[in-house]
Amino acid sequence: MKKVLFSLVCAVLAFAAVAEPTRAERIRAKLDSNDRNYVFVTMHRGDWRHYPENSKDAILGAIAMGADVVELDVAPTKDGHYVLLHDGKLDRVANGKGKAKDLTLAEIKKYRLWSVDKNGNIDRTKVSKYEILTLEEAFALTKGNILVNLDKYPRDPKGITEVTIKCGVQKEIVFKSTIPKPQLRKQLGEALWARFESGELFYMPIVYTWQKDKCEPQFNEWQAGPKLPGAYEVCFKDEKNLAVIEKLGAMKAPCPRLWINTLWDSLCAGHTDERGHGGDAEGSWGWCLNQGATMIQTDRPVDCMKYLEKLGRRSLDK
């Protein structure tokens, strides 16, 4: 009898462990929900103020800080792999030179990322211990812990998407690009496109409001699918042309989410992280919230999250 009870208890505990959603699943569920109070915080290139950008500890740092999304930059190699390099080449960030597309993975793995100083600036006098990660290695760190925003996705949309599926993280990714809808559909192929259209894969077009001849048509062409897009990343140099944001806000709820980058002036009309870090949180992240943003990409995650917590907009499980 004791053995039977013990087996039943073990079975119940095992089921509970399986049934418990991961943090990434909870974030994705919130992302798919109609809740527009919660604000998702994305860390740009990970915790780059303390570790080299796109490195192992930069990713782990973003997870430890409690960010919802970590933004990583993908580049294809000569032999069909994918590595994390924003510029698509080693020159700026590592003790090597050359474009990823002209190098094999084995060649790239010989190099190490430069260290960073106390301000997060690249220190080219000191080589760090960090190697350049493959996309698979990055996903091994993020899986179940945090969502990933894949920047530089246009370098190979189909191949990159296929890697996310192979690694089982496809529902933990925020895919984004400026690629026109018909062109992206063609590049992906109908099988992958259907997974975006169904909402299984989360896609976000990037809209540059200063490109007036492209901005309005680009926004309009994405309005066909019931699940697509999940959000819009809207970038603006000034406040003269906020028509896309106004249109987005006027759409029937739940409309696609609005993502704003507060990284530098030309992306958010001067409502930057440094403004918030300097004491004017209302003029920075507060302004974004007033435009309807529920997704913010920041280089000052601690300050941004503290501000949002004070407003009661960081309760994931509510």
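## Aromatic cluster

Tyr 153, Phe 175, Trp 193, Phe 196, Tyr 203 and Trp 222 come together in one aromatic cluster of this predicted model. The structure as a whole holds 11 aromatic pairs. In one of them, the ring centres of Trp 193 and Trp 222 lie 6.2 Å apart with their planes at 40°, so the pair is tilted, given that angles under 30 degrees would count as stacked and those over 60 as edge-to-face.

This pair links distant parts of the chain, since Trp 193 belongs to helix 8 (residues 190–197) while Trp 222 sits in the loop between helix 9 (212–221) and strand 9, 29 residues apart. Both Trp 193 and Trp 222 are buried.

## A lysine over a ring

A further aromatic residue, Trp 210, has Lys 237 over its face, at 4.7 Å from the ring centre.

## The largest pocket

The largest pocket has a volume of about 460 Å³, and of the 27 residues that line it, Pro 226, Lys 227, Pro 229, Gly 230 and Pro 254 are the closest to its centre. Helix 2 (23–32) and strand 8 (202–208) each supply at least two lining residues, with helix 2 giving the largest share, three residues. By class, this lining comprises 13 nonpolar, seven polar and seven charged residues.

## The second largest pocket

For the second largest pocket the volume is about 330 Å³, and its lining is made up of 20 residues, with Asp 151, Lys 152, Lys 176, Tyr 208 and Glu 233 nearest its centre. Strand 7 (173–177), strand 8 and strand 9 (231–235) each contribute at least two residues to this lining, which divides into eight nonpolar, six polar and six charged residues.

How values were computed
Residues are numbered from 1 along each chain as its sequence is written. This is a predicted model: local features need pLDDT of at least 70, side-chain atom pairs count only at pLDDT 80 or more; totals for chains, interfaces and linings use all residues. Side-chain values use heavy atoms; hydrogens and water are left out. On a 1 Å grid over the protein atoms alone, a cavity is a set of points where a 1.4 Å probe fits but cannot get out, and a pocket is an open set with protein on both sides within 12 Å along at least five of seven lines; lining residues have an atom within 4 Å of a point. Grid points are joined across faces, edges and corners, and a volume is the space filled by probe spheres set on the points. Helices (H or I, at least four residues) and strands (E, at least two) are DSSP runs, numbered from the N terminus. Ala, Val, Leu, Ile, Met, Phe, Trp, Tyr, Cys and Pro count as nonpolar, Asp, Glu, Lys and Arg as charged, and the others, Gly among them, as polar. Rings of Phe, Tyr and Trp (its six-membered ring) pair if their centres lie within 6.5 Å; planes under 30 degrees apart count as stacked, over 60 as edge-to-face and the rest as tilted. Buried means under 20% relative accessible area, exposed over 50%, partly exposed in between (1.4 Å probe, protein chains only). A charge sits over a ring if NZ of Lys or CZ of Arg is within 6 Å of the ring centre and within 35 degrees of the ring normal.
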